[in-house]
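Colleague: I would like to go through this model with you. Please set each label against its rule.

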Amino acid sequence: NLPEHLRHLPENLRHLPDGLRMPEQQEIQGWLHRAYVGWLAFRIDYIAWAIQKLSGFCIVLFMVQSVDRILLCLGCFWIKLWGIKPRLAAAADDDDIEDGDVLAAYFPMVLLQMPMCNEKEVYETSISHVCRYWPRDRMLVQVLDDSDDETCQMLIRAEVTKWSQRGVNIIYRHRLSRTGYKAGNLKSAMSCDYVKDYQFVAIFDADFQPNPDFLKLTVPHFKGNPDLGLVHARWSFVNKEENLLTRLQNINLCFHFEVEQQVNGIYLNFFGFNGTAGVWRIEALEDSGGWMERTTVEDMDISVRAHLQGWKFIYLNDVKVLCELPESYQAYRKQQHRWHSGPMQLFRLCLPAIIKSKIPLWKKANLVMLFFLLRKLILPFYSFTLFCVILPLTMFVPEAELPIWVICYIPTLMSVLNILPAPKSVPFVIPYLLFENTMSVTKFNAMVSGLFQLGSSYEWVVTKKAGRTSSESDIFSMAEDADTAHTHSHRPAPRLVRGVSEAGLEEWAKTHQHDNLQLKVKAEERRRSRPGGGDLKTSKAKPPNRIFKKELALASLLLIAATRSLLSAQGLHFYFLLFQGVTFLVVGLDLIGEQVS
């Protein structure tokens, strides 16, 4: 009996000579074919099954997080629709009292703390902004310098001396050892004997530039509200349009403040303190155990402990404080690592205290399920796993395919929701989506290191600053304010140890502009005089780009998967993988953002 595929042969070829036989199909195909068939069976039964289960789990997490995001946006819309804002407690108790009357009449003792470390690009501007408001006999400014650069120490000390001679109550504190980083710095400052004379403490990082009315808009909320522990202001950014990286950061932080912080503040009276641009009731800090050095997110730590003690928080979306965004990818990457490893450290340490606390059960559930797990752990986990691992693997395992709506429609909708608080950034919605997926590598790595207390979990690197200010006119306006104050007091301006005179600032500005113009003209003349008209370097050479290996490795995986997708004619998958791979490549080669040396 001949096999079916040989029965078409002529009759004279159907009979084989003696000693010969027809080979079996398995003998013809050989061991390579058997290996391939075995691999297909293994891929279908095990690999595709595992990918489908993992992708299903990630899709569920993705949908839960998307629902949470939509609810936050609806809550923000309701606040905007009805104009809901925190109102001063003293004015709310008496309808005849206006908010402005309370603002003008309440001047408690306030301590202003400015922790900094080797930040000579920004110290002068921030100290100048902090020193120009509130009755001077009702405040004390603590400049908490952890710098190990002697030149930086000298400059900051001289700036403090300058403002002290102008009549500002300001002191300079320097620690010999940077134990505990920022938390240790604040803890050391709060241990001073004179702190007991103050009711509230306002904290500003070195690059923050508060307006003169900051305390007048925040501190009066404490009057008549003994349960209030924190009043927090919104961040605004002087360099949000500096480059693509700062634009993308601005989208994230606008959503964080406009939606997350505002909604949680209005409906829950709780949110995470962002470490700066906030005013604490000193009693609340002491009741919650003070600053602790156990994590790299001391701000979130004190927020959670104060919440467990029953203190309430208020967020003021209309009160904005200018600050800087990191302009280089390396600085931003370090910052995000700290911001995502710290919460996992804190979750591991705080979970027993949350369970044992006396707060209502729904508040415990909000802390554990939403505040920590959903927004700090689940988000980087599913983003990295789903879009950076599972999606490219499905190109090589076609039995485990991701639906189009998971790859395209839902992420695009979430990106549009994220971008709504920053409407000018709408053209950047696609780069934002791709960049957030790229950053999930750093965030996932930080989350794992913090959760399992790995080597880099307690890493604290001060974010590099470029020294941006809101405008040069701000410096001159501060000088004019000082001149006006001395004129009205009929006293001569005191002699300053450091810094140019106020009148000299204007002269300096004119000279600076003239010198810059002359330098440009001379540089152009020298460039043209050179053979071939080559460029002449007139400033410090730009630092070389860094190479980020994890991002480049994932760029290779995604681009190979894109090629595989193209060969199998999977159109939308191909475009997503291609653009995502190119984004990883650009970031891995450090081609996004400015280099800050």
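Colleague: Where is the place of H221?

Modeller: H221 sits in the loop between α7 (214-218) and β5. Helices (H or I, at least four residues) and strands (E, at least two) are DSSP runs, numbered from the N terminus. This is a predicted model, in which local features need pLDDT of at least 70, side-chain atom pairs count only at pLDDT 80 or more, and totals for chains, interfaces and linings use all residues. Residues are numbered from 1 along each chain as its sequence is written, and side-chain values use heavy atoms, with hydrogens and water left out.

Colleague: Why does H221 count as buried?

Modeller: Buried means under 20% relative accessible area, exposed over 50%, partly exposed in between (1.4 Å probe, protein chains only). H221 has 6% relative accessibility, so it counts as buried.

Colleague: Which residues does H221 touch?

Modeller: Contact means heavy atoms within 4.5 Å. Leaving out residues up to four places away in sequence, H221 touches P86, R87, L88, L228, V231, I314 and L316.

Colleague: What makes the strands an open sheet, and in which order do they lie?

Modeller: Two strands pair if DSSP finds at least two bridges between them. The order is β3-β2-β1-β4-β6-β5-β7, with mixed pairing, and the 7 strands form an open sheet. β3 (170-174) and β7 (312-323) are the edge strands, as each pairs on one side only. Neighbouring strands are turned by 20° against each other on average, direction ignored. Axes are lines fitted to C-alpha atoms, for helices over the stretch in contact, and angles run from 0 to 180 degrees between N-to-C directions.

Colleague: Which helix packs on the sheet, touching β1, β2 and β3?

Modeller: Helix α5 (residues 150-165) does, touching β1 (110-116), β2 (139-145) and β3. The direction of α5 makes about 160° with that of β3.

Colleague: What makes β1 mostly covered?

Modeller: 7 of its 7 residues are buried. V110, L112, M114 and M116 point one way from β1, and L111, Q113 and P115 the other way. Strand β4 (residues 200-203) is covered on both faces too. F200 and A202 are buried on one side, V201 and I203 on the other.

Colleague: Why is helix α4 called largely enclosed?

Modeller: Of the 8 residues of α4 (residues 123-130), 7 are buried, so the helix is largely enclosed by the rest of the structure. The buried ones are Y123, T125, S126, I127, S128, H129 and V130.

Colleague: What makes a set of residues a nonpolar core?

Modeller: A nonpolar core is a set of buried Ala, Val, Leu, Ile, Met, Phe, Trp, Tyr and Cys residues joined through side-chain atoms within 4.5 Å. The largest has 85 residues, of which L112, I127, L215 and W280 touch the most other members. β7 gives the most to this core, with 7 residues. L215 touches V110, L112, Y133, W134, A202, P220 and V279, again not counting residues up to four places away in sequence. A second, separate core of 44 residues includes I51, L72, F255 and A561.

Colleague: How many disulfides are there?

Modeller: A disulfide is a pair of cysteine sulfur atoms within 2.5 Å. The count by this rule is 0 disulfides. C58 has 0% relative accessibility and therefore counts as buried. C350 is buried as well, at a relative accessible area of 2%.

Colleague: Where does UniProt place the feature "transmembrane region"?

Modeller: The unreviewed UniProt entry puts it at residues 377-396 and 573-592. UniProt positions are given in the numbering used here, feature names are shortened, and annotations may be inferred rather than shown by experiment. In the model, residues 377-396 are 90% helix and 0% strand, with end C-alpha atoms 28 Å apart. Residues 573-592 are 80% helix and 0% strand, with end C-alpha atoms 25 Å apart.
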